[in-house]
Amino acid sequence: MTTHIYDGRAVINGARVPARDGQTFDCISPVDGRLLTSVARCGQADVDAAVAAGRAAFDDKRWRGLAPAARKRVMIKFADQLLAHADELARMETLDMGKPIQYARKVDVNSAANCLRWYGEAVDKIYDEIAPTASTALALIQREPMGVVGVIVPWNYPMIMAAWKIAPALAVGNSVVLKPSEKSPLTALRLAELALEAGLPPGVFNVVPGYGLEAGSPLALHMDVDCIAFTGSTRVGKQIHVMAGQSNLKRAWTELGGKSPNIVFADCPDLDKAVEAAVGSIFFNQGESCNAPSRLFVEAGIREQFLEKALALVPGYAPANPLAPDTIMGAIVDQTQMNSVLRYIELGKQEGAALLAGGEQALVDSGGCYVQPTIFADVTPDMSIAREEIFGPVLSVLSFTDTAEVVRQANQSIYGLQAAVWTRDINKAHGVARALRAGTVHVNQYDEDDITVPFGGYKQSGVGRDKSLHAFDKYTETKTTWIRIDSPV
């Protein structure tokens, strides 16, 4: 077994530093249980230092004082650094959280780099406004960076989730303090180094690894943090909003859980494509995606045919070593998450769902954390596996006969992140899409969108939107300057 020693120290004010109290935690790979490194277990003192570094950088204008075109050039170099170190980052991500290395390289590294580049390119093309006034006034409406932005990201897409938040926040001139998940901290720390190499001034981008209560809460409660952006569970997201209000009423943006409905009508234009999308999207990233289509509604007339085709695809998603170049489904992030997924599978059995495939731990002797791709049929809306976010490779299949009823069931969720509709009837497609309470609705495909459109949810799936030009709104203040003009002519 090849051992790679990674640097687990925090990045504060442009330097790699241990936690102030010297504490660390072990970073264990879910691939095979190996110890990757010891990581700085940051706490209040470290968060204070990172925020102070960010505030000093903001106040002296070493970053925000640059012309947008100058910040753009640094952001593009930052993106280029990711691509130049793509193989290193992909391997690090795979070892740290278990996803197949082919996707870590093709999807995660490329998407994160593209995000940094896109916001860098956009920032010198965003114009402020002049309001319509009488000739005695000039009214300017301008965006200004907020100050110090706290960012807390999850473990399922560590690089992508970080990029979605830090890219627009940095591009407009903010300082950032990033707290990655303790389950997958390594690429975030490396990103901070690459940002420095690209020319980002010290103190502008700081990374403090650690546990939620010890590092995340101090960041959300910090009186000198102007904005907190969080992606993670709905339970913790609610706490983030409370802490934002309890402290300095900082702006709080959250992208939270999902239980996305995928509705396939009998007049679906391409059944094979619908099956491939339904199976591929729930098992992609081991099912550890907030927008995974975990509730599949299939019209009764095509249910048996659909399930037959779906089950035929399942063997192709058998878990395997994520470091192998052809692996499709890798490891669950850690033992705790694997046990949670297996608990939901047992609940599905106990509550009467029909287990058609999978349902067991896989590769038990590997030392890693693996779960078989699992499909339940005969699921009813009241079952736990139809209501609660599992965050694993578990598909719940429900059937329907009435359009209005399936829309009602699809909307009968505390979440509203994403949804899909498959039909060749354009009236049905538009009507159902409009009726679904979700931030994104896909029609005759799943998850083919890109950085140009916003991402976020209704209801308890969060507040605010990542991606697209809309993300700039989260990290800027809007200022009006009204100027009196007493013209002599």
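Residues are numbered from 1 along each chain as its sequence is written, and side-chain values use heavy atoms, with hydrogens and water left out. As the model is predicted, local features need pLDDT of at least 70 and side-chain atom pairs count only at pLDDT 80 or more, while totals for chains, interfaces and linings use all residues.

I begin with the open sheet. Seven strands make it up, in the order 14-17-18-13-12-20-21 and with mixed pairing; two strands pair if DSSP finds at least two bridges between them. Helices (H or I, at least four residues) and strands (E, at least two) are DSSP runs numbered from the N terminus. Strand 14 (354-357) and strand 21 (440-443) are the edge strands, each with a single partner, so one side of each has no neighbour in the sheet. From one strand to the next, the twist averages 20°. Strand 14 runs antiparallel to strand 17 (residues 374-377), and three bridges join the two. Leu-355 has Phe-376 of strand 17 as its bridge partner.

Which helices lie on this sheet? Helix 13 (residues 403-411) packs on the sheet and touches strand 12 (261-264), strand 13 (295-299) and strand 18 (394-400), where contact means heavy atoms within 4.5 Å. The direction of helix 13 makes about 175° with that of strand 13; axes are lines fitted to C-alpha atoms, for helices over the stretch in contact, and angles run from 0 to 180 degrees between N-to-C directions. Helix 14 (residues 426-435) lies across strand 12, strand 20 (418-422) and strand 21, at about 165° to strand 20.

Elsewhere, a hairpin of six linking residues connects strand 5 to strand 6. Strand 5 (residues 129-130) and strand 6 (residues 137-145) are antiparallel and share two bridges, and Ile-130 is partnered by Leu-140. Strand 6 is also joined by nine bridges to strand 24 (residues 476-484), again in the antiparallel sense; there Pro-145 is partnered by Thr-476.

I turn to a helix pair. The axes of helix 7 (residues 212-221) and helix 8 (residues 234-246) come within 8 Å and cross at roughly 45°. Helix 7 and helix 8 are therefore oblique to each other (under 35 degrees counts as roughly parallel, over 145 as roughly antiparallel, 65 to 115 as roughly perpendicular, and the rest as oblique). Ser-217, Ala-220 and Leu-221 of helix 7 meet Ile-240, Met-243, Ala-244 and Gln-246 of helix 8. The buried residues of helix 7 include Ala-215, Gly-216 and Leu-219; buried means under 20% relative accessible area, exposed over 50%, and partly exposed in between, with a 1.4 Å probe and protein chains only.

Next, the cores. A nonpolar core is a set of buried Ala, Val, Leu, Ile, Met, Phe, Trp, Tyr and Cys residues joined through side-chain atoms within 4.5 Å. The largest has 64 residues, of which Phe-78, Leu-82, Val-176, Leu-178 and Phe-205 touch the most other members. Helix 5 (residues 158-171) gives the most to this core, 11 residues. Another core, of 30 residues, lies apart from it and includes Val-341 and Cys-369.

Finally, is Phe-283 buried or exposed? Phe-283, in helix 9 (residues 271-283), is buried, with a relative accessible area of 0%. Beyond its neighbours within four places in sequence, Phe-283 contacts residues including Val-314, Tyr-317, Met-329 and Ile-375.
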